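I opened this notebook to keep track of what I looked up, and in what order.

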Amino acid sequence: MNTGWMTDDEYYGLFRKPTLASGDFFRLLFAQLHLMGIHSIPRDFTAALYKLESSGQYDSLFAEIHFRDNGVFVFSDEVEDSMAEMQTLRLAGKTDPASPVMNLYFDPITSEEILREFPQDIADAMGNLAAELAAELETDKK
Amino acid sequence: MSNISAFEDFSCRIDGYVSRMLDGFQPQPCANKVIHDPIWGSVLYYSWEIQLIDSPLLQRLRGIDQLGLASLTYPSARHSRFEHALGVAHLASEMAGRINQKSIQDRGVPFISDKEVYKLRLAALLHDVGHCFYSHLSESVYGRMAEFGRLLAEVPKFKDAKPHEVFSYLIVNCKTFKQFFKEKICYPDAVRLDPDGFFEEVGHMIIGKANEYRYEIDRRILKKSYMTHIINGAFDADKLDYIKRDSHIAGLALTYDIERFLYKIEVRSEISEVDREEGRVTLENQHLAISVSGVTALEELTFSKLMLYNYIYYHQKVLAAESVMRDVIHGLVRLKKLSHPCDFLGYSDADIERLADCNEVPDERNSSRSIGDIARQITYRRLPKRCLIINSGNLQDEPGSGIDALFRRVDDIAGEYGKPGTEEELKLQIMRLMADFFYREPGLTSRLKRFQRIYFKSRDIYETDLIRKQVYEEMCVICRLTGRTVDFDMYDLQISIPKVVNISKEAFSIPIVVPGGEIRKFSEVVALSDWADSFSAGKWNAYAFCRADLVAAANIAARKVFGGLGVVFNGGASRNLKNSAEIQALESELAVHGYTVQG
C-alpha cells in the first residue's frame, strides 16, 4: 500500500546535476589539449591548475574541483580521482612509469565526440583554459 | 522552498535529531575505564570519554556496520563504526605520544599538550557520528541529493569533506550538543571551555581543515595542520585503524608495520608567509611528515588499502548486494521516507533490514514489488548473479591494432632520419605514433576507452536508470522472440559501475623528509602511485547483475544495449561466465529469428 509516491521528474529532481562534473572537466580539458596538438602533460599538474583556478576567471568550470593546501603541497582529491579514472579508462597513461610525463591517448574522433557532449559556451571556455594551462606548463618547463 | 539558507536548514534539522537522541540521557560521573579491543588490546579511556561513549550519539554507531553489506560475503565482518571510533581515538593519542616522545628527546618538552591530546581523542571519537546506515552506501545517495549540493555551495569549507564528515561537523557544532557537552560532560577545564570555538576546531579536524591561531604579541598566525592531519589526513588515525581492523576481522592476512610507522612520523614547521618590511614571520604552518626511512611502512599501508578494495569493497558479491540495497534506499526516497539528506540519520542498518516487512510499493510504474520484496533479497541473501563483466579483457580490440603495424611505421620514419632539419619533426612523429599505438594496442590500453562516456555518465542516477531500463526492455524483446514468459521487471536487473580506485591522492600529498631535511612528495620518492594506478586499472570491473534464471537473456540484452552505445564486447563477455553454454544456446536460438547482438 502506498502513502504517495513521486513522479520521475520529482524523484530525479531530488538529485543534483552539476554543470560540469569533475570527470567531465578532465575529459573536456584533455580533448581540447589534444585538438591543440598537445599529446602529453606532466602527471603532476595540480599546481598549474590551481594557479588558473585562483585567477577566478574560470569559476563555473571549476565548480566541482576543489583544491586543498596541506601547508606544503597543493593537492586535490578531484584531480587525483579523475587522473586515476583517465588512466583506468585509457584516456591517459604513461609509457614509462618512471617518467613524470603522462600521454593523452586521445584521437580526433573521441575529442570531437567529447566536445559535442557539452554546451558550446562550456566547450569554448575550456578551450581558453586549455590554452592557458598549456602556456603555464610551458613556462614551468623553462 | 523557504528562504532560509541550506546551512540554517541543515543546522536546524541536525539540532532536532541530536535533541531526540540525547533526550532523557543523563551521563553519570565515572572513572577512567579500560576497554579491550581485538586489534589494539587493552585501551584506557578517560572518564569524560566514557560519558560520551555511553551517550546515544555514539552508541548508535553500534548499529552501523563498518563494512556495510560485506558481511554477506565475509561473514565475520560485522564490526561496527562504534569500535572503529574507539580504535581511532586510541591511535590518535598513540600518534601524538610518538611525536611527543621525539620532542622530549630533542627539546626536553612535549610538542603536543595534554589538552590538545584530549581534543584529538575527542575529534577521533566523534569523527564518524555523522555516518548513516550502511555507511558509504547511503552516503553515495544522500551526498548526491540537490539539497546537499546547496549546502556545499553555501559553505565553502564543506566542499572538500565527505558527506558523513559534514554531518559529523554539524552534529558536534549544533546548539544542543554543545550545551549538553558543557553542562553534562566532566571535561577537564570545562568551566573555561568556550564550546563555540572548541567545537568549531573539533569540527574542522573532522572535515580536514587546519585550525589557525593568532598570536597578538608578534602578530603571527600559527596553523596547526598536524592536529587535523592526525584525524583527517593522508595517513591519519582513521586509515591506520580501518586497514588493520577491516582486514583482520574479515579474516584477511593483510598487515603493515604500525610500530615502525609511528616511530617515523614527525611534525615539521614551515614558514608560509613573511612580512619582508618588518622582517617577521606572519604565517607558520606545523604539519605532519614522515621520515624517508618510514616509506616502506607507508608503502605497506597503501598496498593494504588497495588490496582491501580488491578483496572486500569491490568484491562482486558485495557490489551485487549494494546494488539491491541501493534499490531499497531509492525506494525509500521515492516513498518520501528519505526526502532530505538529514532523514538518513534516523535509520540504523537493522532498521533497514526490518523493512523486509514493509509492503509499500515505491515504483508502481516499473514494478509491483514492495520495499519488503526488495529488502528480503538482502535479509535472506538471495543476491543477483553476474550476467556481464565489463573490463578491458572483455571488450573488442580496435581494428588495425598490433605491434607489427607499429614496427612498420617506425621503419618508415627511421628511413627519413638523418635528413637535414627533420630530427625534431621525426621525434614528434614517433611520439604521436607511440600515443596512437597505446590508444589502439589490444589489452589494457584501448578497449575501455569506448566505455568512458558511460562510466562518467553513470555518476548520474538518471543515466544509470536509463541504461537499466533499456537492457530490461531488450530482455523483454528476447523473451517475446523466443516464446519465453516475461515474468520479471526492471528490478531483477542491476548495473554496477564502481568508481575507479584511487590510491595516488595519498601519494601526491604526503610530505616525506629526505636526508638533509628537505621535504619531497611521496610520489617523488617512490613510483608507487604509477604502479598502483596500473594495478587498479587492471583490476577494475563493472557489472550487470540479474536473477539467476535470467543470466543468458540479460547478458545478450546488455551486450546489445552497450553495443548501441559504442561499447563492443569480445567472446570473453559471455565465455567467462558460469552460464556460458546457456548464453550460447540462447544466442543461436535468437539468430534463427534474425536477432544479432552486434548488428
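The entries below follow the order of my look-ups.

**Entry on the interface.** I kept in mind throughout that this is a predicted model. I began with the contact between the chains, to which chain A brings 52 residues and chain B 68 residues. The area buried between chain A and chain B came out at about 5700 Å², with carbon and sulfur atoms giving 54% of that area. I then looked for polar pairing across the interface of chain A and chain B and noted 16 residue pairs in polar contact, while the count of salt bridges between the two chains is eight. One that I wrote down joins B:Lys499 to A:Asp81 through their side chains, at 3.5 Å from N to O. On the side of chain A that touches chain B, at least two residues each come from α1 (8-13), α2 (22-35), β2 (68-69), α4 (77-88) and α5 (108-116), and α4(A) gives the most, with eight residues. Sorted by class, that side of chain A holds 19 nonpolar, 15 polar and 18 charged residues.

**Entry on B:Tyr595.** I found B:Tyr595 in the segment after α27 (580-592) of chain B, and I list B:Tyr595 as buried because its relative accessible area is 9%, under the 20% limit. Beyond its neighbours within four places in sequence, its contacts include B:Glu474, B:Val477, B:Ile478 and B:Leu481. B:Ile478 is 117 residues away from B:Tyr595 along the chain, yet their C-alpha atoms are separated by 8.5 Å.

**Entry on α4 of chain B.** I checked the length of helix α4 (residues 81-107) of chain B, whose 27 residues should span 39 Å at 1.5 Å a residue, and the 38 Å between its end C-alpha atoms agrees. Just after α4(B), B:Gly108 has a positive phi of about 85 degrees. Within this helix of chain B, B:Glu94 and B:Arg98 lie four residues apart, about one turn, and they form a salt bridge with their closest N and O atoms 3.8 Å apart. B:Glu94 is partly exposed at 26% relative accessibility, whereas B:Arg98 is buried at 13%.

Notes:
Residues are numbered from 1 along each chain as its sequence is written. Chains are lettered from A and ligands numbered from 1 in the order in which they are written. This is a predicted model: local features need pLDDT of at least 70, side-chain atom pairs count only at pLDDT 80 or more; totals for chains, interfaces and linings use all residues. Side-chain values use heavy atoms; hydrogens and water are left out. Contact means heavy atoms within 4.5 Å. Buried area is the accessible area (1.4 Å probe) that two parts lose on being put together, summed over both. A salt bridge is a side-chain nitrogen of Lys or Arg within 4 Å of a carboxyl oxygen of Asp or Glu. A polar contact is a pair of N or O atoms within 3.5 Å; within protein, one must be able to donate a hydrogen and the other to accept it, and residues adjacent in sequence count only if both atoms are side-chain atoms. Ala, Val, Leu, Ile, Met, Phe, Trp, Tyr, Cys and Pro count as nonpolar, Asp, Glu, Lys and Arg as charged, and the others, Gly among them, as polar. Buried means under 20% relative accessible area, exposed over 50%, partly exposed in between (1.4 Å probe, protein chains only). The expected span of a helix is 1.5 Å times one less than its number of residues.
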